[in-house]
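This report describes a single protein chain from the whole fold down to one residue. Please read it alongside the sequence and the model shown here.

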Amino acid sequence: MLEKLKALFGFGRRAPAPAAPESRERAPRAEDSEADRKPREEPRPATQAAAPALGADAQAFYAGLRDPEPSEDLQALAPDDRLFVSGVLKLLREQALRIPVLPQAALEISRLLSDPSASASRFAKVLEADPGLSMDVLRIANSAYYGFGSATTSVRTAVVRIGLTQLRGLIIVTHLHGKVLQGGTLAREASWLSELSLGLAHAAQALAPDFGLRPDAAFTQGVLSHVEHFVILGTAAEVSREHKRRIQPTGQGLREAFARCGTRVRELAAREWGLTEVLLGGKEQDPLARSLRDLREALVAHWAGEAVLPAVAGAPPDRVAQALQRSAAARPAAAEA
């Protein structure tokens, strides 16, 4: 199973040295799906209008994703923060922390990706069986990140816009976001995390040649960079049920939970989903992990309007600037909600 997933995502091998960008048009190949043989919609260039400023609360939340060492004695935390962090630690200690089960659509899409004859219509049919997921996919396809001038209500068109090989990672993140929302708390933080995951995925895809990856593999690594944080946000509902009242952790509480529990939660998710190499990687992916951390910091700094941006390991500053500019121009104002 793991070998099939590795083949689907293109991990376990490095891409050849960067070459000149391919033309958008190429001759159809026998192994292409129907969607690949048909001309893709051409997106309009992203507008260069100034993106909305990143609010202080969002900046503080993103700062908590930097994998710091635990900085607080639990007893020094505010009451809800203390209950939240100790609750997540207890779930891990008792092996009771639940990793969300991936939706059936994600499994079906994995199967279709291994079938070179699968058409976009077959992918759309899988998504249409899940109305909530279909709406999420349409929302993503109509977002400014894809740069199309008109919205679509066709799931098949949305699939073509997004790209077949990017669907599974987006479905996982969308599913995790939905699980947090179902819990009725931390919806704002979940939206910030979704926006960051999508922005990082597109920026990583633009820099894929510099990272030595295929564009679809770079996108997947970017979009799945924060699955452990989604899972931790989702535990707030369970901790609240245990204490029979709503637990509302502050940013400080979230930072402590991320620092103390993030690595173990990511390991659990990797094993549960059979994505160990994708989510954990090996020594050969250590440089990529560093590049993605750098890119996240540069992305947030750019969204915040900082004049001096962090360097990104492995990528020239001018190419990083181009990727970030496009991301900032496409970033919706909803990210500040």
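## Surface and overall make-up

The accessible surface of the chain comes to about 16,200 Å², and 53% of that area belongs to carbon and sulfur atoms; accessible areas come from the Shrake-Rupley method with a 1.4 Å probe, and for residues only the protein chains shown count as cover. The model is predicted, so that local features need pLDDT of at least 70 and side-chain atom pairs count only at pLDDT 80 or more, while totals for chains, interfaces and linings use all residues. Residues are numbered from 1 along each chain as its sequence is written, and side-chain values use heavy atoms, with hydrogens and water left out.

The chain holds 17 helices and 0 strands, where helices (H or I, at least four residues) and strands (E, at least two) are DSSP runs numbered from the N terminus. Of the 337 residues, 49% are buried, buried meaning under 20% relative accessible area, exposed over 50%, and partly exposed in between (1.4 Å probe, protein chains only). Among contacts (heavy atoms within 4.5 Å) between residues at least 6 apart in sequence, 77% join residues at least 24 apart.

In helix 7, which spans residues 131-141, the buried residues are L133, S134, V137, L138, I140 and A141. Because they cover an arc of only 160° around the axis, these residues lie on the same side of helix 7; the arc is that of the directions from the helix axis to the C-beta atoms. P131 and M135, on the other side of helix 7, are exposed.

The buried residues of helix 7 pack against helix 5 (104-113), helix 6 (120-128), helix 8 (155-162) and helix 9 (167-182).

## F123 in helix 6

One of the residues of helix 6 is F123, which counts as buried because its relative accessibility is 1%. Leaving aside neighbours within four places in sequence, F123 is in contact with I109, L112, L113, A118, V159, L164 and L167. From C-alpha to C-alpha, F123 and I109 are 6.6 Å apart in space, although 14 residues apart in sequence.
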